[in-house]
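Take a look at the structure first, then read on.

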Amino acid sequence: MNSPLVSLGVGHTVLAAPMAGGPSTPGLVTAAAESGSLGFLAGGYKAPDLLTAQVAEVRGRSGPFGVNLFVPGPLPVDRGEFARYAAALAGEAERYGVRLDPEPVEDDDAWAAKVDLLLADPVPVVSFTFALPGTAVFEAFRRAGTLTVQTVTSAEEARAGAAAGADLLAVQASVAGGHSATWTPRRMPDPVPLPDLVAAVRAVTDVPVIAAGGLSTPVEVAAALGAGAVAVMAGTALLRSDESGASAVYQAALADPDRGDPVLTRAFSGRPARGLPNRFISDFGSLAPFGYPAVHHLTSPLRKAATAAGDPELVNLWAGAGYRRASSGPAADILRELASFS
């Protein structure tokens with residue numbers, strides 16, 4: 001199947017996935033473009049003016065690139081459960097001298113403002129995560145000349161994304177690091193191997209597929225492409241790259257041979273995400289309510305303080321299944337190695 005990405009001059013089959021919260025720097029996106037690949041600025045958690053500045057920076061330095069946006073998918077928190085969780089975290093907050101907001105913050109990550117700025121100053125590619133925008137959004141970006149990518153986690157979501165007008169589907173397996181892109185966060189999708197998930201999506205739609213989730217070796221990349229994907233996305237594999245914006249404490253944890261296998265938790269954000277096990281997850285994972293972004297905003301000051309103090313035990317260490325094979329070095333070399341199956 002022909003990939004719409006070819007029209008942008010993207011010849012690399014391994015793309016750099018968006019990683020919100022710092023890892024996806026303009027430098028990483030630029031390095032991907034300069035290697036013939038495509039990288040994504042992570043629009044999630046960024047103020048519109050910062051996203052505007054980063055778009056301008058990347059546009060001035062590189063070829064094709066994309067921007068990823070979090071689509072509002074309301075997961076309101078129960079106020080009683082939120083209060084109990086905040087109380088449970090009070091001791092940690094006191095230890096680090098931070099204040100946790102006792103009132104839930106429910107926002108939409110400046111969704112409308114970010115859509116408006118990307119329509120006013122179009123970029124080559126925009127991808128969507130967490131929910132499905134309305135058909136009008138896809139149509140507006142098409143008129144602006146922007147390719148659209150909808151992130152899905154099942155054949156059912158893929159069918160809906162195709163019907164809404166997405167140009168490509170990013171198919172995310174359950175072993176992916178960071179937040180699951182599922183549209184139903186209270187009910188995780190089945191743990192289907194990525195090649196099987198790609199095949200299932202290809203069976204229900206002709207929209208081209210980008211495969212994502214747990215890819216850490218050329219063999220795994222080849223399997224995803226062999227199942228029908230036109231490209232793959234690597235995220236965790238780039239976290240230790242020279243251009244990564246992942247914090248020092250985060251990168252050290254990824255290289256720690258004593259860390260266990262990634263686990264699924266909602267302790268940090270109120271939405272299921274996969275990361276390295278640590279004390280925060282073991283102590284508070286069973287107490288955390290569903291509720292995004294309220295829980296994310298609640299724990300954010302504590303996570304920032306722990307990062308600044310070099311304490312990995314209170315930090316969200318997002319990582320996919322193959323994190324132990326993540327290596328340091330230039331991002332271009334890592335992408336090239338992953339694509340070396342042929």
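## Around strand 4

N68 stands opposite S127 in strand 4. Before going further, note that this is a predicted model, where local features need pLDDT of at least 70 and side-chain atom pairs count only at pLDDT 80 or more, while totals for chains, interfaces and linings use all residues. Residues are numbered from 1 along each chain as its sequence is written, and side-chain values use heavy atoms, leaving out hydrogens and water.

Strands here are DSSP runs of E with at least two residues, helices are runs of H or I with at least four, and both are numbered from the N terminus. Two strands pair if DSSP finds at least two bridges between them. Strand 4 covers residues 125-129, and its pairings look like this:

| Strand paired with strand 4 | Sense | Bridges |
|---|---|---|
| Strand 3 (residues 66-70) | parallel | five bridges |
| Strand 5 (residues 147-152) | parallel | four bridges |

On the strand 5 side, F128 stands opposite Q150.

How many of the residues of strand 4 are buried? Five of its five are, where buried means under 20% relative accessible area (1.4 Å probe, protein chains only), exposed means over 50%, and partly exposed is in between. In a regular strand the side chains alternate between the two faces of the sheet. In strand 4, V125, S127 and T129 point one way, with V126 and F128 pointing the other way.

Now zoom in on S127. Its relative accessible area is 2%, so S127 counts as buried. Leaving aside neighbours within four places in sequence, S127 touches F40, V67, N68, L69 and V149, contact being heavy atoms within 4.5 Å. The C-alpha atoms of S127 and L41 are 9.9 Å apart, though 86 residues separate the two along the chain.

## A pair of helices

Helix 2 (residues 48-61) and helix 5 (residues 111-120) pack at about 25°, with axes 10 Å apart. Axes are lines fitted to C-alpha atoms, for helices over the stretch in contact, and angles run from 0 to 180 degrees between N-to-C directions. Helix 2 and helix 5 are therefore roughly parallel (angles under 35 degrees; over 145 is roughly antiparallel, 65 to 115 roughly perpendicular, the rest oblique). Helix 2 brings P48, L51, T52 and V55 to the contact, and helix 5 brings A113, K114, L117 and L118.

Elsewhere, three strands make an open antiparallel sheet in the order 7-11-10. Its edge strands are strand 7 (178-179) and strand 10 (263-265), each pairing on one side only. In strand 11, R274 stands opposite G178.
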